[in-house]
Amino acid sequence: SLDEKKPSSGTLESPKKKAAPQVPASAALTLDDTTVTLAPYFKVKDLGKFKEIWKAAYDPFAHKDDCVHYSFGFTEDGTRAHCREAYTSAKTALQHLADVDAALKAVLDGPAELERLEVHGPKAEIDQLIEPLTPLGCKFFVCQWGFRPSKPAMDPDTVVHLYPYFTLKDAPAFKKIWGDAYPATKAAAAEEKSHQYAFSFEGDAVASCRESYGDADGVLTHLGNVDTPLNAVLDGPADLARLEVHGPQSECDKLKEALSPLGCVFYVTDWGF
């Protein structure tokens, strides 16, 4: 994660602490993280060439001060790649896409294909990205609440990101459960070593929690804290559609026993800040 003069990353909540806050959940649901996250996923055909192209583009990284965090991760079989990147606004996200236009075209001209593209951020920023990114088949997730504590610069980036996706069956019930749990999640940020936590929605169809922690232990602490609301949303309001972990090999390995039974896909971070 880059020096967080910009916002950083966060966590889910702890039901054990949930009894303490007497504040209505709706009053606490603020969006304090205003970053724009790009999420391109690639199906890799030539891993060596793919890495060569992106590493060449990474060394002279343009407009780095506008980037909150940036790293490339790969599945262990080398068939999938993901760039985990966030920017200060829609404008700076588009600036980055212009900066890497040649590299992206080179990657898509043989070494890989763009399998999926998502963008997550506040509605005002998402609205500015719909026209330029729709031709790429982009999925747009509007962040509704979340926080990102300020953190010092990290190079390399060793943060562990946890990305659950939910297929919604009852969006209001889903939001109420997680909204009620949110004050406890914010209160547990230090305990969970939280770097980012925000809920975003693709209409009323899909929800995503963009969350990251200092290490695997932080992830496991968070999962223990949110066991009650997670079970509640999976008991009717939603299904777990997809689960991903992005982080260093050593931290991914610590999470496999707990998360592999859920079908988790692990992306091992190769380079980034």
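1. The second largest cavity has a volume of about 30 Å³. Its lining is formed by S71, F72, G73, H82, R84, H246, G247, Y267, V268 and T269. Two or more of these residues come from each of β2 (67-75), β3 (80-87), β9 (238-247) and β10 (265-272). A cavity here is a set of points on a 1 Å grid over the protein atoms alone where a 1.4 Å probe fits but cannot get out, and lining residues have an atom within 4 Å of a point. Volume is the space filled by probe spheres set on the points, joined across faces, edges and corners.

2. A word on the model: it is predicted, with local features needing pLDDT of at least 70 and side-chain atom pairs pLDDT 80 or more, while totals for chains, interfaces and linings use all residues. Residues are numbered from 1 along each chain as its sequence is written, and side-chain values use heavy atoms, without hydrogens or water.

3. Now the largest cavity, at about 40 Å³. Around it sit D33, T35, T37, H120, C143, R148, Q196, A198 and R210.

4. On to the fold, where ten strands close into a barrel with mixed pairing, ordered β1-β3-β2-β10-β9-β6-β8-β7-β5-β4. Strands are DSSP runs (E, at least two residues), numbered from the N terminus, and two of them pair if DSSP finds at least two bridges between them.

5. Please look at β6 (residues 160-168) and β8 (residues 206-213) too: they run antiparallel and are joined by six bridges. Within this pair, L162 has E211 of β8 as its bridge partner.

Technical notes. Helix = DSSP H or I, 4+ residues; strand = E, 2+ residues; numbered from the N terminus. 1 Å grid on protein atoms, 1.4 Å probe; cavity = no way out; pocket = protein on both sides within 12 Å on 5 of 7 lines; lining within 4 Å.
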